[in-house]
Structure formats: structure tokens, C-alpha cells
Amino acid sequence: MNAKQKAALAEYLIALADDELILGHRNSEWTGHAPILEEDIAFANLALDEIGHARLWYELAADLLGADRTRFPDQQVFFRPAADFRSLQLVELPKGDWAFSMLRQYLFDAFEQHRLVGLSESSHMPLAEIAVRVRNEELYHLRHTRAWVTRLGLGTEESQARMQAALDALWPYARGLGAALPGEADLPLGIVPASAALYPAWAAEVGAFLAEAGLRLPSETAAVQADRAVRSEYMQALVTEMQEVARLDPEAEW
Amino acid sequence: MVISRPAAARPSEAQIWEALAQVPDPEMPFVNLVEMGIVRQLGWQGARLQVTITPTFAACPAYEVMQSDILAGLQALGLEDAEVLVRHNPPWTSEWISAEARRKLQTAGLAPPPRHQGDLLTVLMDPVACPRCGSEQTSLRNSFGTTPCRMIYTCNDCREPFEMFKPL
């Protein structure tokens, strides 16, 4: 890859990492608040996994940019203005009720499996290697969220209603997963899978699965929220909270 | 000032592996990093020993502790000049856990991960034996446990909850 392509791949990886980081941060908000102890533990684990995966992508981006991989993740997470993040609005939305967080995690993880399969075939070996390892771990997420989506969708009248409300609210944002990531268009073939090419398989898979769980996909007339250059109205508050301690003393040693 | 030891005074490879086999897993101190398959390779860069490790789970919070524990273990052997390299390829798999370590996990009340030969999802459908009473009448309570690498079960016979090390 030439310098321009390396920069494009770094941009792509930072957007991927931002998604994982922000979703992980939202998941961490369930710690101490989940409806049952097991789910408190589960969401803490999901948070840890996503943030750990974000770190791997940030480190890989640092290598491409010739930056210090031991410092780069912290710089991106704790000292970057909210406006410079490239996360999808899907992951920025507040955690909502538990049905909302569970369904968001399912929709995101189901797409991520398709993306990781593509990334594990990347001709950029360091990227393929990380994708293979992340993919196996993510299988546990998908297994867990699938079980709960079914259970809640086919559960009580209230759980069904909450899941349907969550799906109606999330769907326009989730459809943004199929939009190209920053940098994607500038990469030669074989480095990353085209997001648009992953979308149909994901949509068919989640559509069939949600129908089995007694949920109706909303009509697709609502505008898709896919612009990663634009932050949702919730992001500034999230970033301020996430960076508060680090910014108090940027030189602190932990 | 760092004074490198002359090459002749190097401990043998067997001695180094032995020292590394004394380094406990930070979260499961009854097993060590060698039998867990975390230490992958030894190499020399001039006078500097390089130990390559592959962490179990990507987000394992213990892996920085592992690195400093390894260096401390090597220092006890007189090896001052050493570094720990982290490699993700091939990714760590529970298939690398030795038979001895599996037995230790079992004794500690942690069900060892089932052998899966690459097919994780199918093996998760198999019954899991309770590490205390051996009953296969157990139910999964949670795919996630107290660390990223464990999941929680309950035994329907002895009624005890227990954790299983996740197959990966």
C-alpha cells in the first residue's frame, strides 16, 4: 500500500474502533443497573470486549500512521474532540431500556460477523489476523443476544411491546451499517470488504430472525442515519463524561 | 547502567521454560502461563531474551500483569535483559491448554473447556459436566462470567453454581 492508502485504511480502522468504543461505553452504563445480576455481568463483559477490540483497531491504525501504538489509543479516546469521532449514530444513542440495548447489540454484532468474515480475508495480514481472533470472541456475543432477542420477542406482552418499540427506533440507524466507512472508497480491492456488499446478507439474516422472534421490521421510508461525519445530539455529553478524568491530569500515570 | 551478561552465562532454554512455568495466571493462580498455552516462543535478539505470548481473549485485562510477571520471573533467573512480545497470530485457542492444566482447572471447580477442533458453536450444545459431582444435568445460566474467559452454569443435581472456561 502507498502512503495515501495507508492513511485511508487508518481512517477506516479508527471509524471501526470508534463504533466499538462508543458501544462499549454505552454497555458499561448498565453496570450496576441491569435488571438481573447475570445481565449486569454480561453487559460488563460485552463492554470490556468491545473496548478491547477498539484498542486492537486503534493500535493497527497507529502502525499504519507511524504513530506510537502504546499512546495512540488513549490519545484517540481521551483527547479527541467529540466532533472528530467517526462513530455511527446507532452506537451513540443513549442506552434506552434493556430491550433497546439488547437489540442494538444484536443488530450491530450480526453485521460485525459479516464484516469480520470479510476482514479475515484481507490481503493486509495484520488486519486479517486481528479479524480472525475477534471473530471467535464475537460469536459469544451473537449467541447471547440472539437468545435474548428471541426470549423477549416471544415473551410477555410487555417484553414484546418494548422490543418492537426498540426495533422501530433502531432500524433507521441500524441500516446505516451498510454505508461505506471513511477511507473505504480509497482502498484497493481485497483490503476490506465493501460495506454495501455486506448489507443484503445482513438484512436478510436479521429480517428472518426478527420475524421468528415475533417482531415486525418497520417500513423503510424513514431516512437512514449513516453519516459518520455528523455526531448525534447525545455524543458531546458522552465524550465529556468519558474524557473528564483523563483531561483533569493528562500526564497522570495509572 | 545495564551490564549485559556474557553469552556463556545464559540459562539453558529448558531452565527458562521451567522459570516461565512458575509464573501463575494472574486470574487463575492454580495454573501457569506455559500450560495455558499463553507463552508461545523463546528467542534471542543478541543478548536480549524475547518471550512471545498470545493472550487468551483480546480484551483480557490481565495481560499487562502477565507481561510484568514474566519479566519478574526471568529476573529471578538472572535474566535482566528480556522483553515480552505480544502476538495475535495464530489466535489463542483453548485447544492449547495442556491435559495437566485441564485437570487443575477441574480440581479448582472450573470446568475445563470442551475440545472443539474449530467448531465452537456445535460443542457448546454438548452437556457440561459439573466439576464437583460430575453430573451432566447442568444448565447454562450466563454466557458471560467473572472474567471474559468464563461462563456460568448451575448443576441441577448438587445445586451448586460453577464456571466453565470458554472454548475458544
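## Ground rules

This is a predicted model, so local features need pLDDT of at least 70 and side-chain atom pairs count only at pLDDT 80 or more, while totals for chains, interfaces and linings use all residues. Residues are numbered from 1 along each chain as its sequence is written, chains are lettered from A and ligands numbered from 1 in the order in which they are written, and side-chain values use heavy atoms, leaving out hydrogens and water.

## The sheet in chain B

Let's start with chain B, where three strands make an open sheet in the order β1-β2-β3, with mixed pairing. Strands here are DSSP runs of E with at least two residues, helices are runs of H or I with at least four, and both are numbered from the N terminus. Two strands pair if DSSP finds at least two bridges between them. At the edges sit β1 (39–45) and β3 (82–86) of chain B, each pairing on one side only. From one strand to the next, the twist averages 25 degrees. Axes are lines fitted to C-alpha atoms, for helices over the stretch in contact, and angles run from 0 to 180 degrees between N-to-C directions.

Strand β2 (residues 48–53) of chain B runs parallel to β3(B), and five bridges join the two. Across that pairing, B:Ile53 stands opposite B:Val86 in β3(B). Two helices come into the picture as well. Helix α1 (residues 13–20) of chain B packs on the sheet and touches β1 and β2 of chain B, where contact means heavy atoms within 4.5 Å. Its direction makes about 135 degrees with that of β1(B). Helix α2 (residues 63–76) of chain B lies across β2 and β3 of chain B, at about 150 degrees to β3(B).

## Salt bridges

Over all chains, the structure holds 17 salt bridges; each is a side-chain nitrogen of Lys or Arg within 4 Å of a carboxyl oxygen of Asp or Glu. One of them joins A:Glu92 and A:Arg231, at 2.9 Å from N to O. This pair links distant parts of the chain, 139 residues apart: A:Glu92 is in helix α4 (residues 89–92) of chain A, and A:Arg231 is in the loop between α8 (195–212) and α9 (235–248) of chain A. Both A:Glu92 and A:Arg231 are buried, meaning under 20% relative accessible area, with exposed being over 50% and partly exposed in between (1.4 Å probe, protein chains only).

A:Glu158 and A:Arg162 also form a salt bridge, their closest N and O atoms being 2.9 Å apart. They both lie in helix α7 (residues 157–174) of chain A, four residues apart, about one turn of the helix. A:Glu158 is partly exposed at 48% relative accessibility, and A:Arg162 is partly exposed at 40%. Elsewhere, shared partners tie A:Arg55, A:Glu59, A:Asp63, A:Arg69 and B:Glu64 into one salt-bridge network.

## Two nonpolar cores

A nonpolar core is a set of buried Ala, Val, Leu, Ile, Met, Phe, Trp, Tyr and Cys residues joined through side-chain atoms within 4.5 Å. The largest has 79 residues, and those with the most contacts inside it include A:Trp57, A:Tyr106 and A:Trp202. A second, separate core of 43 residues includes B:Leu79, B:Cys149, B:Cys155 and B:Met164.

## A buried histidine

A:His141 is in helix α6 (residues 125–153) of chain A, and it counts as buried at 0% relative accessibility. Its side chain makes a polar contact of 2.8 Å with that of A:Asp49. A polar contact is a pair of N or O atoms within 3.5 Å; within protein, one must be able to donate a hydrogen and the other to accept it, and residues adjacent in sequence count only if both atoms are side-chain atoms. Not counting residues up to four places away in sequence, A:His141 touches several others, among them A:Leu46, A:Gln105 and B:Phe144.
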